[in-house]
Each structure stands twice: as structure tokens, then as C-alpha cells.
Protein chains: 2
Amino acid sequence: MSNLKDVASLAAVSIATVSRVINNSSLVDPKTRVKVQNAIKKLNFHPNRVARRLSKLRMKEGNGKIIGLVLPDINNPFYVDVLRGVEDYALKHEYVVITCNFGQDESREKLYLNILQSESIDGLVVVPVLGLEEKVSKMVESGLPIVCVDRELTGTDVDVVLVDNRKGAYEAVQHLIRLGHKRIAFISGLPQIPTSVERLNGYRDALHANKIPLDEKLVKYGDSMYESGLRLSEELLKSEPPPTALFTGNNLITLGALEMIHRSGFSIPKDIALVGFDDMHWSISLNPPLTAVRQPGYDIGKRATELLFQRSGDLKRPTAKVIFNAELKIRNSCGSA
Amino acid sequence: MSNLKDVASLAAVSIATVSRVINNSSLVDPKTRVKVQNAIKKLNFHPNRVARRLSKLRMKEGNGKIIGLVLPDINNPFYVDVLRGVEDYALKHEYVVITCNFGQDESREKLYLNILQSESIDGLVVVPVLGLEEKVSKMVESGLPIVCVDRELTGTDVDVVLVDNRKGAYEAVQHLIRLGHKRIAFISGLPQIPTSVERLNGYRDALHANKIPLDEKLVKYGDSMYESGLRLSEELLKSEPPPTALFTGNNLITLGALEMIHRSGFSIPKDIALVGFDDMHWSISLNPPLTAVRQPGYDIGKRATELLFQRSGDLKRPTAKVIFNAELKIRNSCGSA
DNA sequence: TGTTATAATGTAAACGCTTTCATGATAAAA
DNA sequence: TTTTATCATGAAAGCGTTTACATTATAACA
């Protein structure tokens with residue numbers, strides 16, 4: 001790989017001049033510019049981004065063209081969508097992204113966060129799940145541009161991109177009610193998770209708005225994982241009388257519920273209606289196609305990155321909070337009560 | 001952020017000594033070592049990876065602790081599994097990965113590949129899809145450690161991790177035959193893609209081994225995408241008589257077929273049996289649960305990265321070709337003919 | 001013509017690290 | 001005691017950039 005010096009000597013100029021042309025400085029004579037450009041082409045020179053990053057570090061300029069993305073669970077298609085949005089927007093600006101998938105492993109947290117800092121990233125898009133909040137707050141305060149996604153950070157002023165979970169859930173339940181359902185069950189995720197409580201609120205509010213009394217036996221609290229969907233939907237299905245409709249709190253829970261419903265010999269939507277929070281690209285291939293609340297993951301990721309770049313440019317601008325609407329995709333899993 | 005110099009002056013030693021302790025050099029007095037370690041702790045010092053990478057560049061040592069991963073389509077859950085495998089193995093060695101998702105956009109290719117090179121990555125795990133092969137070959141020859149995944153690179157000697165597509169397909173079709181099916185259709189991906197032809201070969205071989213004549217009208221060629229599954233399965237379903245079983249060439253095709261089968265009022269497995277190439281974590285939630293050929297994406301990614309690290313350590317070791325078996329996950333989508 | 005302002009270029013320091021090489025300290029051997 | 005080998009440390013160069021600063025060439029003006 002060639003470097004500035006090679007280009008400089010081939011073009012018979014100094015490395016400073018070469019640097020100026022690759023950075024589009026106006027302080028270079030047109031003739032010199034083409035001379036240098038020819039040399040660059042001939043050597044197939046591409047500036048070394050590592051050196052540039054190190055150099056930029058001195059000016060605290062924050063355009064080393066690399067950002068981090070920390071995600072709780074890449075198996076969740078919603079986060080894959082976020083990733084795509086982040087990556088696309090970043091690449092458009094020639095930024096590269098280091099994706100950090102936490103999975104369930106707690107010990108990765110500090111390791112990854114430390115690594116990201118020593119990679120001198122320009123910024124971070126992060127889903128601040130439980131246990132991460134404190135560290136993220138600290139990083140925000142240290143001056144690293146950060147935008148949060150999917151969840152807010154309590155007590156710290158930071159850019160955030162969310163979806164209106166309450167409204168999304170409200171509309172899902174409203175849809176069920178409109179179809180005539182009254183015994184509508186809800187399988188919630190962990191009640192410590194803000195998104196869970198918002199969705200629960202949406203469920204409650206819809207019931208209340210339609211003067212349907214809330215039956216606490218119809219709401220189950222799990223840990224947002226597949227197994228919880230399996231187990232809690234089983235409880236629900238076995239209750240007497242079983243609910244006529246089920247609203248599941250996220251896509252993993254939906255999966256578990258789906259499996260249990262089939263296993264138990266219930267038919268959708270004849271025996272039970274189903275609406276899931278989170279749409280997936282294969283929802284339409286289900287039999288029947290699943291009615292679901294769609295979170296615009298791609299747009300969220302994209303917008304978050306946009307916000308991040310803005311902040312890099314202006315650390316002092318007031319923080320923004322952008323809220324996307326979730327969209328109810330009505331398909332055929334609900335029928336009527 | 002503190003740096004070597006800060007630590008050095010706090011510990012009253014030179015930066016060289018500090019560098020030695022963070023690199024576990026044996027050439028440092030135990031007493032000095034603890035002195036330095038205390039200083040490190042007190043300052044919460046973490047070495048800057050960018051600087052280290054730049055420095056290592058001089059020794060061509062190839063442990064800047066960063067690798068690239070280039071994937072054709074992150075929406076495909078198989079590649080998400082690969083990503084997880086790569087990331088886990090990398091992180092265990094404190095490596096970080098830059099994930100490059102190509103999507104369908106051709107213009108991203110050279111951009112991303114160039115960026116990766118100027119990031120001075122230590123190596124690359126890559127799915128060498130059509131159009132990428134030439135560039136990847138060139139990079140291999142330039143001396144960058146590379147391991148290919150899912151597909152081989154014709155004409156270039158390189159490490160590769162594959163699954164036995166032929167055998168996987170063979171077993172899927174064999175399963176169908178054992179169940180009594182004779183009119184087994186196959187929806188293939190692009191015939192230019194090696195994996196497609198291997199799967200097709202498996203299909204053919206199984207038929208042949210069971211003395212079932214190959215009916216060319218039962219094999220359809222698409223572009224491996226969702227829409228092709230939709231369209232080609234429709235053709236198949238409308239043919240007279242329709243096949244009793246369908247084997248789909250990848251998970252996207254399966255999705256399309258699933259949708260079309262439901263739309264057409266066919267019932268699985270009563271009217272038509274279905275086996276998909278590629279298992280997905282939600283296959284079990286389908287009604288009925290889908291019988292599918294599972295590619296061990298996670299292990300593939302992990303093994304590929306292991307191979308990559310080995311190669312970084314020894315550029316001259318002979319190339320390896322590791323082949324994983326695909327596993328037929330038998331569930332309930334096949335019935336009997 | 002000589003000044004002076006301006007544009008174009010070059011020089012060198014800095015980013016934070018690793019490592020070679022030189023040097024100093026300590027211990028073992030003579 | 002001196003010599004020599006060994007261990008511990010420090011000084012400094014180098015990785016490939018960017019940019020502040022210094023310098024030189026060019027143009028504008030008196």
C-alpha cells in the first residue's frame with residue numbers, strides 16, 4: 001500500500017500538498033492539483049484511515065469516520081433493521097460501524113464499551129438496556145456524542161429516537177375491540193423495561209377507553225423471551241374461559257405464543273385472535289398472516305445516525321427526541337369474537 | 001482520556017516501561033510492574049487501539065485487533081448467525097469487527113472494500129458472492145488474510161468454510177421420498193451460484209438414487225429472492241397435477257412459497273409437503289412447524305474466524321477447507337403422500 | 001523599480017503507541 | 001578487585017496522517 005510520501009515523491013511535491021489535495025483544501029494550485037491527482041491514481045493511493053484517525057485525535061475534531069452501535073440482541077429482527085439503517089446512513093458519509101451485540105452476556109458490556117472508547121469512535125448509537133444505563137450516562141457526560149434508540153436514559157440529557165409504544169399498543173388493542181373482542185389477554189415483557197410498561201399502558205388505555213374492565217388475570221408478565229411466550233400463553237390458554245384474543249408484547253413472545261397455540265390445537269383466528277408487537281418480514285408468510293404492530297426499525301436507525309452526526313458537528317445543540325409512530329399492519333390473524 | 005505519558009509520569013518511569021507492562025513483557029522488574037499497574041488503575045488507563053494499530057503497522061504484525069466481515073444480506077437470518085459466530089470468537093480475543101452488509105447495492109462493494117483496506121484490518125471473513133470474487137481474489141493475493149464462507153473462490157487458494165449443500169439437499173429429498181412422495185418439486189436459486197447448483201445436485205442425486213425420473217417441469221429457477229418463491233411456487237401449484245411435495249432452495253424462497261401456498265388454499269402437509277433449505281429460529285412456530293435443513297451459521301462464523309486468526313499467525317500454512325454438515329430438522333410439514 | 005499583500009508550498013511537530021538500540025545497574029565469575 | 005554476562009530501563013525513531021507555522025513565488029501597487 002502506498003502512502004502520502006510515495007505520492008508526494010512521484011508528484012514531486014511535499015506530503016503537505018498531497019494531504020491538501022485529498023482534503024480539498026483551496027490552497028493548492030490547479031496545476032499542482034492535477035499533478036497530484038495523477039500520482040494518486042497511478043499509485044492507487046487511498047489515505048490510511050487509522051493514521052488519519054490518530055491525527056484527528058489531536059484536533060478533537062471527531063471525524064475519524066467510525067462509530068459504534070450497541071445492540072442487545074442481534075437475533076431480534078427489529079435490531080437488524082436498526083443496524084441496517086445505521087449502516088446505510090453511516091456508509092453514505094463514508095463512516096464505518098463497529099457493531100456490538102451484547103446477547104445476554106453481562107461481562108461483554110464493559111469490555112465492549114472500553115474497546116469502543118479506545119477505538120476513538122466518533123460517536124455511539126446505543127440501545128440502553130438494563131444494566132447499561134449507568135455506563136452510557138457516564139460516556140455521555142464524558143462528552144462522547146451518543147444517541148439512544150428504543151429506550152430513554154433516565155436522568156441524562158441525550159438525543160433519543162423512540163417509537164410510540166403506547167400508541168402502537170393502543171391501536172392494536174383497539175383493533176381487537178372493534179372486532180368484538182372483550183377478553184383480550186396481554187403478555188408483557190419485564191415490567192422494568194420502559195417499552196414494556198408503555199405497551200402495557202396502551203393496552204390498559206384502550207380497554208379503559210372502551211369501558212372494558214381490566215381483568216388482571218389476563219395480563220401476564222414475563223422476561224420478554226421466547227420461553228416466556230410459550231409458558232405464559234399456555235397459562236392463558238388453559239384458563240377458564242380462555243381469552244378470545246391475545247396481544248403479545250414483542251416478537252419473541254409472539255413466537256412462543258404461536259408455537260403454544262398450535263401445540264394446544266387452537267386455531268387462529270377461530271379460537272383465538274392474535275396481534276403481535278413487532279412485525280417481521282415473514283409475518284405475511286404465516287398461516288394466517290399475522291396482524292402486527294410494525295416498528296420502523298430501519299428509519300429509526302437512520303434517523304439516530306443522522307442525529308449523531310449533527311451532534312458531532314455541534315456538541316452544544318439542544319438534545320432532540322424523535323418519536324416514530326408504530327403502524328398496525330392488519331392481516332388475518334384476528335377474525336371476530 | 002489518559003495516555004502512556006500520563007501513566008509513565010505518575011509511576012515515575014518511562015513510557016517504554018509502561019508499554020512493556022501492558023504488553024506483558026518479561027523484561028520488567030516485579031516492583032516496577034506493580035508501581036505501573038497502580039498508576040494504570042488510578043488513571044483508569046486503557047491503551048488507545050488506534051495508535052497501537054498504527055504502530056503495529058510498521059512491524060506488519062497483523063494484530064491491530066480488528067477484522068472485517070462482508071455479508072451479502074444481513075436480512076437473511078443465516079448470515080446473522082454467521083455474524084454472531086464471527087463476533088463472539090473475535091471478541092473473545094479482544095478483536096472488534098466491522099460488519100459490511102452489501103444488500104443489493106453494487107456500488108457499495110468497492111467503497112467498502114477500499115475502506116476496509118485503509119482501516120488496516122488484520123483480516124477478512126467474506127461471503128464471496130457474484131461480483132465480489134475478483135476483488136477478493138486480488139486482496140488474497142495482496143497478502144491480506146482472508147477466509148471465505150459459504151462459497152468457494154474459483155482459481156484462488158484460500159481458506160474456506162462451507163456446508164455440504166449437496167448432502168443437505170439430498171437428505172431433505174430423501175426424507176420426502178421415504179414418506180412416499182414422488183412428484184417432488186424444487187425451487188432453485190440462481191444457477192450461477194455454486195450453492196444453488198450443489199443443492200440442485202443433491203435433489204437430483206436423491207431422485208436418481210431412488211430411481212425416480214427427474215421431471216424438469218418440477219424444477220424452477222429463480223433469483224433466490226422472496227418474490228421468486230412467490231411466483232415460482234404459484235406456477236408449481238397451478239400445474240396439473242401439482243407436486244405433492246416442494247423443496248425450497250433457501251429461506252427467502254421458503255417464505256414466498258409459504259405465503260403462496262396459504263394464499264392458494266393449499267394445506268400443509270395435507271395438500272403439499274414442504275421442506276426448506278435453511279432453518280430459522282421461528283420455523284418451529286409455524287403451523288405446522290417446518291421441516292428444514294439447518295446450516296450451522298454460528299459455528300461456521302466461529303470456525304472461519306478461528307481459521308483467520310491462525311492464518312494471521314502463519315501466512316504460509318496450507319489453506320484449509322472445512323465443511324460442516326447440514327442437519328435435517330424433521331418437524332411436521334411433510335406428512336405422507 | 002521596490003514594497004507589500006497574497007497565494008502556494010514546504011517543514012516539522014503532534015496524535016499514542018511499539019520496539020530497537022544504547023545504557024546503566026546488578027550479580028556472577030575470575 | 002576487575003571483568004563479563006544478564007537484567008532492567010530509557011531514549012528515540014517510526015507508523016501515516018493533519019495542520020500550524022515558516023518560507024518562497026507571484027501579483028498588485030506605488
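I began with the surface near DNA strand D and sorted its residues by class: 14 are nonpolar, nine polar and six charged. A reminder to myself: this is a predicted model.

**Entry 1, DNA strand D.** I counted 29 residues around DNA strand D, and the closest are A:Leu4, A:Ser19, A:Asn48, A:Ala51 and A:Ser55. The largest share, six residues, comes from α4(A).

Two or more residues each come from α2 and α4 of chain A and from α2 and α4 of chain B.

I looked up the contact between the chains: chain A puts in 37 residues and chain B puts in 37 residues. On the chain B side, α4, α5 (77-92), β2 (96-101), α6 (108-118) and α11 (251-263) each supply at least two residues. That side of chain B has 16 nonpolar, 13 polar and eight charged residues. I also noted that 100% of the interface residues of chain B are interface residues in chain A too, so the copies meet through the same surface.

I superposed chain B on chain A: a rotation of 180 degrees with 0.0 Å of shift along its axis does it, with an RMSD of 0.1 Å. The two copies are therefore related as by a two-fold rotation axis. Which residue of chain B comes closest to the rotation axis? I found B:Ile98, with its C-alpha at 2.5 Å.

I listed 12 helices and 12 strands in chain A. Its C-alpha trace spans about 85 × 40 × 35 Å along the principal axes. The radius of gyration is 25 Å, whereas a compact globule of 337 residues would be near 20 Å. Buried residues account for 50% of the 337 residues in the chain. Of the chain A contacts between residues at least 6 apart in sequence, 70% join residues at least 24 apart.

The largest nonpolar core holds 178 residues, and A:Val147, A:Phe247, B:Val147 and B:Phe247 have the most contacts inside it. I followed up A:Phe247: leaving out residues up to four places away in sequence, its contacts include A:Ala172, A:Leu176, A:Phe186, A:Tyr203 and A:Val275.

I found a cis peptide bond between A:Glu240 and A:Pro241, with omega about -5 degrees. A:Pro241 sits in the loop between α10 (226-238) and β8 (245-248) of chain A. The bond from A:Ile268 to A:Pro269 is cis as well, with omega near 0 degrees, and A:Pro269 is in the loop between α11 (251-263) and β9 (273-277).

In chain B I checked phi. B:Asp150 is not a glycine, yet its phi is positive, about 75 degrees. This residue lies in the loop between β4 (146-149) and β5 (159-163) of chain B. Is B:Asp150 buried or exposed? With 25 other C-beta atoms within 10 Å, B:Asp150 is buried. B:Ser224 also has a positive phi, near 75 degrees, and is in the loop between β7 (219-221) and α10 (226-238) of chain B. B:Ser224 has 22 C-beta neighbours inside 10 Å, so B:Ser224 counts as buried.

Technical notes
Residues numbered from 1 in each chain as written. Chains lettered and ligands numbered in written order. Predicted model: local features only at pLDDT ≥ 70, side-chain atom pairs only at ≥ 80, totals over all residues. Core = buried A, V, L, I, M, F, W, Y, C linked by C-beta atoms within 7 Å. Buried ≥ 20, exposed ≤ 12 C-beta atoms within 10 Å, placed from the backbone. Contact = placed C-beta atoms within 7 Å. Near = placed C-beta within 6 Å. Helix = DSSP H or I, 4+ residues; strand = E, 2+ residues; numbered from the N terminus. Nonpolar A, V, L, I, M, F, W, Y, C, P; charged D, E, K, R; others polar. Rg over C-alpha atoms; globule rule 2.2 N^0.38 Å. Least-squares fit on C-alpha atoms with pLDDT ≥ 70 in both.
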